[in-house]
Every structure is written in structure tokens, then in C-alpha cells.
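Take a moment to look through the sequence and the three-dimensional view below before reading on.

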Amino acid sequence: MKTETIRRPDGAERKARILFTDMDGTLLRNDSTVSPHTNAVLDRMTAAGHRLVLTSGRPLDSMLEVMGEAGLFYPDTLLIAYNGSLTWDCTAHTALFSHTLPFDVCREIYAAAKRRGIHFQTYTQHEIVCEEEDEEVRFYRRRIHLPVLFSADPVSVLTEPPYKVHAIHLTDHARLEGLKAEVEERFGDRVTAQFSNSQYLEFYSSLSGKGNALLQVCRHFGIPVENSYSAGDAPNDISMLLAAGTGIAMKNADPEVKESADYITRYDNEHDGLADAVELLILRDG
């Protein structure tokens with residue numbers, strides 16, 4: 001596949017670059033908005049011929065909501081949702097790549113979470129699915145504004161295998177660690193168990209993950225991996241930082257994320273840290 005290039009105003013050609021950025025804690029401020037300055041920098045980056053791909057543990061509909069509010073739809077926009085389980089083409093309105101969790105695995109994780117007194121939820125194409133309205137789902141929906149389908153057996157109402165399942169405990173991280181160890185022991189070769197923060201433990205296919213999705217997208221666009229940049233702040237971003245040519249950790253990132261990065265931003269997500277990194281690393285030579 002031919003390497004994608006762009007032509008500068010002076011006629012010189014250069015290789016196109018591609019930025020994969022996490023949303024919460026990275027692109028987004030703490031109120032889930034994109035600052036005007038960051039928005040302007042991304043406009044400059046894409047106008048120069050570089051590409052932007054948003055990546056998140058969020059469901060697709062939630063990502064689309066944020067993008068619409070922020071005006072982040074650019075030509076050939078792709079989204080990586082559900083921690084790399086779905087890569088969505090916003091122009092064609094179709095999935096490019098997807099991986100799901102088999103029903104038998106979902107049922108086992110649900111049973112293990114229930115035994116441990118941990119909130120369990122999964123997703124249809126447009127809904128959160130869980131047993132009842134509890135503190136955890138109310139907390140989750142502060143940012144993820146999807147409708148909720150309640151069922152005494154959440155997995156039974158799904159009509160197709162989900163992209164991920166999600167365990168939440170707001171006060172006892174050790175309980176989530178125990179669930180993670182149990183699932184990894186039983187399904188380690190089939191399932192990735194990954195924290196997106198200390199209260200959220202997510203399970204998805206071992207074929208998924210932001211890092212694997214990044215590699216697929218680079219191949220799709222014909223952009224060498226060495227010309228890719230990824231930015232994040234949480235443990236579920238580590239595979240993406242390691243896969244990219246340049247991994248960028250936010251100043252506000254977890255310590256283990258910073259250890260996996262090539263570059264740490266000078267500012268945090270509340271103060272345009274991502275925009276500053278884009279100007280220094282991607283737009284530095286036009």
C-alpha cells in the first residue's frame with residue numbers, strides 16, 4: 001500500500017501523520033468538553049493533511065455525542081470505541097473492524113461479579129444493560145448519557161454478542177482486583193481485563209484493545225506506524241502508547257502510563273496539554 005503523503009504550500013511533500021487520542025482525561029476537560037484552543041489546534045492539524053482518530057472506552061453513541069458538540073467531524077473520521085472493540089467509519093456509517101465477547105464468557109463474568117457484590121453492565125447497540133438502577137449506573141451516566149435497559153439477567157436480553165462488559169465498584173478497588181484475577185485465570189487467552197480508572201474494570205476480546213486498533217487503522221490508511229502518535233492518561237491507553245511511533249502521556253496521567261510514554265505533556269487536560277503536544281510534535285515543521 002502506498003504511503004499517504006501531504007503537500008506543503010511551498011510544494012514540498014511530507015508524510016502524513018496520524019494522532020490517536022483518548023477522550024476522558026486527555027482530549028476532554030473534566031466537564032467533558034473540548035477547549036476552544038484545543039479545537040483550533042486540531043483544526044489546524046487536520047487542515048494540514050494529518051489525521052485524527054478518537055479512541056475511548058466509551059460506547060459509540062457517547063463518542064458521537066461528544067464529537068458533535070465539539071465539532072470534531074473531519075473528512076474520513078474514524079472512531080475507536082469500546083476500548084478498541086469497534087472501529088467506526090463516520091463517513092460511511094459502518095464498522096471497519098469489530099470484535100465481540102462470546103455470550104458464554106459474558107455469563108461467566110456476570111456470575112463472578114454478582115458473587116463478589118460488584119455492579120455489572122453491558123451494552124446493546126444503543127443502551128446500557130444492567131440489573132437495576134443503582135449508585136454505580138447513576139455515577140456512570142453522569143458522562144455517558146445512554147438510556148438504560150434493566151433486566152434481572154442482563155446478558156439474556158442481548159440479541160448479539162457485546163463489544164465489552166463492565167464491572168464498577170465505587171469504593172472497593174481490591175474487590176475489582178479480585179474479579180480481574182479470577183477472570184484472567186479462567187479466560188486469560190480470550191479476554192482482556194483492563195482498568196480504565198480505579199473504579200471501572202472492563203472486559204473485552206483479547207483481539208481488541210486500543211493498541212491493536214491503532215495498528216489496524218494505520219494499515220487501513222497506509223500510514224507507517226512510525227508516523228503515528230497516541231495520547232492518553234489511563235491504564236487502558238497503555239497498549240496504544242506502546243503501539244504508536246510516539247506515545248504521549250498527559251501530565252495528569254497515571255504513573256504507569258507515564259512510564260510507557262515517549263513524551264509527557266507540559267500541561268494537563270484542563271490546560272490544553274494535548275494541544276501543546278500537537279503543536280510541538282506534529283505541527284512543528286508545518
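What follows is a walk through the pockets, the cavity and a few individual residues of this structure.

The model is a predicted one, in which local features need pLDDT of at least 70 and side-chain atom pairs count only at pLDDT 80 or more, while totals for chains, interfaces and linings use all residues. Residues are numbered from 1 along each chain as its sequence is written, and side-chain values use heavy atoms, with hydrogens and water left out.

Rolling a probe the size of a water molecule over the atoms shows where empty space is left. On a 1 Å grid over the protein atoms alone, a pocket is an open set of points with protein on both sides within 12 Å along at least five of seven lines, a cavity is a set of points where a 1.4 Å probe fits but cannot get out, and lining residues have an atom within 4 Å of a point. Grid points are joined across faces, edges and corners, and a volume is the space filled by probe spheres set on the points.

The largest pocket holds about 590 Å³ of space, and among its 30 lining residues D24, R143, S196, N197 and Y200 are the closest to its centre. Helices (H or I, at least four residues) and strands (E, at least two) are DSSP runs, numbered from the N terminus, and α4 (135-140), β12 (191-197) and β13 (200-205) each give at least two residues to this lining. For sorting residues by class, Ala, Val, Leu, Ile, Met, Phe, Trp, Tyr, Cys and Pro count as nonpolar, Asp, Glu, Lys and Arg as charged, and the others, Gly among them, as polar. The lining of the largest pocket then has six nonpolar, twelve polar and twelve charged residues.

The second largest pocket has a volume of about 160 Å³, and of its eleven lining residues T46, G49, H50, R51 and P75 lie nearest its centre. Its lining divides into four nonpolar, four polar and three charged residues.

The largest cavity contains about 50 Å³, and its lining includes T26, L27, D268 and D272. D272 lies in the loop between β16 (263-264) and α9 (273-281), and has a positive phi of about 60° although it is not a glycine.

H93 also has a positive phi, near 55°, in a residue other than glycine. This residue, H93, sits in the loop between β6 (86-89) and β7 (94-98), and at 59% relative accessibility H93 counts as exposed, where exposed means over 50% relative accessible area, buried under 20% and partly exposed in between (1.4 Å probe, protein chains only).

Finally, a search of the whole structure finds zero disulfides (pairs of cysteine sulfur atoms within 2.5 Å). C106 is in no disulfide, and the nearest cysteine sulfur, that of C130, is 15 Å away. C106 is buried, with a relative accessible area of 0%, and C130 is likewise buried at 0%.
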